Amino acid sequence: MLVPPATAPTTNDTLRHLSLSLPSAPSRLRGRHRRPRPNFTGMPFLLGGFGCVCIIFFSLTGSIYFVLNQLQQQPEDRQLHPDDGSLNRPDSPSIVIFAAPRRFSTDKPDLVGARQDMAVRSWLALSPDVSVVLFGQHPSIFALARSLGPRVTVESAIDFTFMGTPFFHSMVSRSQAFNSGISVLIDPETILLPDFLGILHYSQNLNHGWFLFAKPHCVLHFPFQLLGTGKHWLQEDGEVIEVEKLQEHLIQKGNWSTCGERLLMAWNNGVRPLHAGIVPPFVYGEGLHNEWLVNEVLASDLRFAFDSSLVLSSLYPQSLGQWFSNFSKDAGSADELVWRHRGNYQLSALYGSFSFQQSKFCKNPSKLVRCLGKYYLINRVEDDVSSLQVSDGIATYSTDPHLSSREQKSHMFTIFSRSQRDKKWKACVNNIDALDLSYQPIVKKLNEDNSEVSSALSLPFSIELLLRIIADKDKSIVLAIAGNNYRDMLMNWVCRLRHLAVKNFVICALDSEIYHFSILQGLPVFKNPQAPTNISFNDCHFGTECFRRVTKVKSRIVLQILKLGYNVLMSDVDVYWFNNPLPFLVSFGPGTLVAQSDEYNETGPINLPRRLNSGFYFARSEMSTIAAFEMVVKHASASELSEQPSFYDVLCGEGGVNRMGDDKCQEPNTNLTVIFLDRNLFPNGAYRGLWEKHDVRSSCMKLGCLILHNNWISGRKKKLERQVFSGLWDYDPSLRMCLQKWQIPNQLIFLDH
C-alpha cells in the first residue's frame with residue numbers, strides 16, 4: 001500500500017507513487033464476485049479545470065471530496081472483485097483502437113514511421129483481443145498495417161483534405177459507428193503500457209455512458225525497444241526489462257508540458273451520444289480538436305467524463321534510442337500549417353458551447369487517482385458527494401440507501417471530511433492538484449490567439465502551384481466553378497468524386513463565402529478575381545441575367561488553365577458521376593474537344609444548333625483549342641446571352657454551318673474537331689425522362705451512363721430537390737461530411753445559408 005510522506009513530495013515523487021502502485025498486467029486483477037450495476041444518472045460536473053477557462057475562486061482551505069453518484073443497491077455496502085480478464089471473456093466488450101498515422105518514407109529509415117510502428121505494436125501487446133484501425137490513404141500506412149498482421153486494418157472511407165490529412169469529425173463518427181464495445185482514439189505515436197486495460201475495466205464497471213481521456217507523458221529520450229508484439233522491452237545495453245522498469249523511467253523523465261495537444265480518448269459505444277450537437281470539420285493534428293471535444297462532452301453532461309492522466313501509463317517518445325540514431329526526421333510542411341491551424345481555431349469559436357458561452361461557464365471533470373493503494377475519482381465540489389473506491393481489484397460503493405438524499409450528502413461529508421484530516425490524504429491529494437498546472441485550457445488559447453480566430457482564411461498556393469499539386473500524370477484536371485448559392489450541390493459533387501477516388505479536381509470560387517467554406521472543407525480552391533458580384537442565391541438559374549454573367553466566367557477560367565499547360569474537364573456541380581469519365585474522354589485523342597449534347601429528342605442529329613452544353617466538356621491544352629477558346633471568350637463578352645450559345649456559334653458556326661454528320665463540328669480556322677458525346681453515356685436532364693424514373697440510378701446504369709446532368713429544370717430549389725429525392729446524393733450538410741456506407745441513414749437537413 002502506498003503511504004505518501006507527511007511533507008509535500010515533488011511532482012515526480014507523487015507521479016511515481018501513483019503509477020508504480022498500479023497493477024502492471026491484467027492478470028493481477030482477477031477475482032470471483034459479481035459486479036453490482038451502479039447508476040450514475042445525474043452525475044454533477046463542477047466548475048473549473050481542464051478544457052476551459054473559468055472565473056472561479058476556491059478557498060485555499062477548501063474541501064476535497066470524492067465524487068461519484070448514488071447506486072441502486074441493497075442496504076449493505078457491496079463489494080466487487082473486478083476480473084481484469086473480463087475484458088477478454090467472450091461476453092466482454094471488444095476494444096478497437098483508432099489512430100491516424102502520418103505518412104512516412106518507406107524507402108529509407110524514418111523516425112515518424114519508427115515511432116508509429118512502436119506505438120501500434122505496444123497497443124497490440126495489450127491483449128490478443130485488441131484490434132487497431134488506421135485512418136489513411138497513403139501507401140506507407142497500408143504498408144505499416146501489412147507489417148503488423150491481421151489485427152491492424154486501414155480505413156480510407158472517411159473524409160480527407162486534398163493534401164491527404166483526415167478530418168477529425170469523420171474519424172470520430174467512424175469510431176462511434178464501428179462494431180466495438182469500446183472505442184479508443186489515440187495519437188498515432190503514443191505508446192500504451194498494460195495498465196491501460198485495467199483502467200478500461202474500471203470504466204466498464206460504470207452502469208452509464210462514460211468517456212475517459214488522458215494526456216500522455218512526453219519523454220525527451222526513450223532508449224528502449226519493444227520486442228516484437230510481446231510484453232518485454234529491450235534496453236540499449238541489450239538487457240530485457242519488465243514493464244515496471246519502463247514505468248519508472250516514465251516517472252523520472254516524463255512530463256506533460258512538452259506534449260502539445262496529444263490526448264487519448266476512450267468511450268463505451270451503444271449507450272448514448274458523446275455530446276450534444278455535432279463535431280465541426282477540424283483538420284486532424286492541427287490543434288484544438290481534442291480539447292474541444294473533451295469540453296463539449298463535459299458541457300453536454302450526457303456521459304460521465306473523467307481524466308485518467310494521473311494513473312494511465314502512456315508516453316510520447318520525442319527521440320528514440322541508438323537503434324534509430326540515423327533515421328530521418330520529419331520536417332513538416334510550413335505552408336500547410338498556417339491555414340489548417342487557423343481554420344481549426346475559427347471552427348472552435350464557431351461551434352459548440354464556445355459559440356454562445358465563451359469563458360462564462362464550464363465543467364470540471366473528475367480525476368481518476370490512486371492514493372493509499374486505492375483508486376478514487378476526485379473533484380472539488382460544494383455539496384453533492386458520493387464515492388467509488390477500488391483497491392487491489394475490490395470496488396467498494398459507500399452510500400446508505402436508507403438515508404434521504406440530503407442525509408446521504410451529510411453522511412458522506414462526515415465520512416470524507418474525517419479522511420481529509422489525515423495528513424497522508426492531504427499530502428497525496430495536494431500533490432495531485434499540483435499536477436493540474438500542466439493543462440492549458442482551450443478557451444484560454446482562443447482568447448490569447450484571438451487574431452487566429454478573426455483572421456481571414458486563404459490557401460498559401462497560387463493557381464499555378466495548386467494545379468501542379470492536384471493534376472494527374474497526364475496534366476489533366478477536373479474543374480468546377482461554384483458560388484455560395486450552390487454550396488450543397490458542390491459538396492455532393494465533391495463527395496461523389498471522392499468516392500470514385502478522383503483526386504485531380506479543383507474548385508474556382510465565385511465569391512468569398514464559398515472560398516472560405518471550401519477551405520474549411522479541405523478542398524483545393526482558388527478565388528476568381530474577375531467573378532461577378534451580387535450573385536443571387538435563388539435566382540441564378542438558366543435564363544436569368546445572373547446566370548448569363550456567371551457562365552461567362554467559366555470559359556475565361558478554362559482558357560487561363562489551358563494556357564498554363566493543363567487539360568481541363570469542365571464539369572458543372574449538378575453533373576452526377578456514376579464512374580470516372582476522364583479515361584474515356586482522353587481516348588478521343590489530340591485535336592478534339594468533346595462535349596455533352598443538350599439535344600432532348602431521342603432520335604435524329606445531336607449536333608443541331610445551340611445543342612452544345614458548356615456545362616460538361618473536355619478540352620486539351622493545345623494551340624488549336626486555346627485559339628478556339630479565345631474566340632469563344634471574345635464572342636461571349638460581346639453577347640447579351642450566356643456563354644453556351646457562343647460555344648456553338650463559334651465552333652459549329654451560326655446555324656450549324658460547320659456541322660459534320662450527326663455528332664461533330666469542325667471549326668475552320670483552327671481545324672479543331674468538336675465531338676458531341678453519346679447521350680446514353682452522357683445524358684442531359686431531358687433525355688429519355690431519366691430523372692422521372694422510379695429508380696434513377698438503375699435506369700442510368702442499364703444505359704451504361706457515365707454521368708447524368710441535372711439540367712433542363714428551372715430553379716435552384718427544384719434542382720436540389722430532384723437531386724436528393726432521386727437518391728443521387730452523397731453529402732450530409734448538417735454534419736458537413738460525405739455519406740459513407742458505414743453510416744446510419746439520417747434524414748438530410750438542408751438550410752438556406
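The side chain of Arg-496 places a polar atom 3.2 Å from the backbone oxygen of Phe-578, a polar contact (N or O atoms within 3.5 Å, one able to donate a hydrogen and the other to accept it). This is a predicted model, where local features need pLDDT of at least 70, side-chain atom pairs count only at pLDDT 80 or more, and totals for chains, interfaces and linings use all residues. Residues are numbered from 1 along each chain as its sequence is written, and side-chain values use heavy atoms, with hydrogens and water left out.

**Around Arg-496**
- Arg-496 sits in helix α14, residues 487-499 (helices are DSSP runs of H or I, at least four residues; strands are E, at least two).
- Arg-496 is buried (under 20% relative accessible area, 1.4 Å probe, protein chains only).
- Arg-496 has no salt bridge (a side-chain nitrogen of Lys or Arg within 4 Å of a carboxyl oxygen of Asp or Glu); Asp-730, the nearest side chain of opposite charge, is 4.2 Å away.
- Leaving aside residues up to four places away in sequence, Arg-496 touches Tyr-576, Trp-577, Phe-578, Arg-697 and Asp-730 (heavy atoms within 4.5 Å).

- β9 pairs with β15 (residues 314-317) in the parallel sense over 3 bridges, and Val-219 stands opposite Pro-317 in β15.

**Strands β3 and β4**
- β3 (residues 95-99) and β4 run parallel, joined by 5 bridges, with Ile-97 opposite Val-132 in β4.
- In β4 (residues 130-135), 5 of the 6 residues are buried, so this strand is largely enclosed by the rest of the structure.

Definitions and conventions
Buried < 20%, exposed > 50% of the residue type's maximum accessible area, 1.4 Å probe, protein only. Lys, Arg positive; Asp, Glu negative; His and termini not counted. Pairing = 2+ DSSP bridges.
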